[in-house]
Amino acid sequence: MPSLGTHMFKLNAISAALVLGALGLFVVPANAQIATSTDLDGRRLFINAEPPVRVTLNAFKRTNIFMPPENPFVGRSHPAVTINRDGVEKLVREAADRHRVDAALIRAVIETESNWNPIALSNKGAGGLMQLIPTTARRFGVNDVFNPQQNIDGGVHYLKILLDRYNGNLDLALAAYNAGEGAVDRARGIPSFRETRNYVQKVQNAYFRPGSGRLNGEWGLRRPIRRDLDASGRIIFNND
């Protein structure tokens, strides 16, 4: 039969082990941290956890533009086409040289019109990179508005005609590209449509921003569009 002293020693040993074990639960590694969490009952819990892994994600950059095949019941069908951004840039430069329009301005229009989506289609029927409506597409010989080469060439040709029509006035040319020549002529300036005013400003913001590649001397620094009244009391928007 064990003695009383032996029995007390075992109790003390067990108690010490329990204490050390309990203390071990609260030992925090040098590289750990205390995190907080809330359970389903709304109680706030403090949890010992490893430091979170920091992951840096590079911004997604669209390098390829993919046009899925289409076989509509009415209209022209086309096979799937993949064109990368460099391919579109080549088309932009070619159209810029052919029609003598600043390539940076073409990019600004494409960015504003379709955000570089070659199969973009608006609720008004405008389609492709430069958002040509059917009448404009026919006017400039564009058979397929979703064909990047045809769309860019037709859009740039139209933009060049507008720039010549308004004697190089960028604001009026952009307003006419958005709302039509008739609307600009009737208003004798930028039409009062909010969409058109916003459009002109957005294209110019993209065109005049640093790093756009804009040709020096094409146009001066952009000026804000302001609201004026002519002699007959009509509202006119311009930036003269």
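About how much space lies in the largest pocket?

Modeller: About 580 Å³ of space lies in the largest pocket, where a pocket is an open set of points on a 1 Å grid over the protein atoms alone, in which a 1.4 Å probe fits and which has protein on both sides within 12 Å along at least five of seven lines, and the volume is the space filled by probe spheres set on the points, joined across faces, edges and corners. This is a predicted model, so local features need pLDDT of at least 70 and side-chain atom pairs pLDDT 80 or more, while totals for chains, interfaces and linings use all residues. Residues are numbered from 1 along each chain as its sequence is written, and side-chain values use heavy atoms, without hydrogens or water.

The lining (residues with an atom within 4 Å of a point) numbers 26 residues, and Ala126, Ile133, Tyr177, Asn178 and Glu195 are the ones that lie nearest the centre of the pocket. By class, the lining holds 10 nonpolar, 10 polar and 6 charged residues, with Ala, Val, Leu, Ile, Met, Phe, Trp, Tyr, Cys and Pro counted as nonpolar, Asp, Glu, Lys and Arg as charged and the others, Gly among them, as polar.

Helix α3 also packs against other helices. The axes of α3 and α8, lines fitted to C-alpha atoms over the stretch in contact, with angles from 0 to 180 degrees between N-to-C directions, come within 8 Å and cross at roughly 130°. In contact here (heavy atoms within 4.5 Å) are Ala104, Leu105, Ala108, Val109, Glu111, Thr112 and Glu113 of α3, which meet Tyr199, Lys202, Val203, Ala206 and Tyr207 of α8. The residues of that contact divide into 8 nonpolar, 1 polar and 3 charged.

Against α6, helix α3 packs at an angle of about 40°, with the two axes 13 Å apart. Leu105, Val109 and Glu113 of α3 meet Leu170, Leu174 and Tyr177 of α6, a contact of 5 nonpolar, no polar and 1 charged residues. Tyr177 is also one of the residues nearest the centre of the largest pocket.

Finally, α3 (residues 103-114) and α5 (residues 148-165) pack at about 115°, with their axes 11 Å apart. Leu105, Ile106, Val109 and Ile110 of α3 meet Ile152, Val156, Leu159 and Leu163 of α5, and the residues of this contact comprise 8 nonpolar, no polar and no charged.

How values were computed: Helix = DSSP H or I, 4+ residues; strand = E, 2+ residues; numbered from the N terminus.
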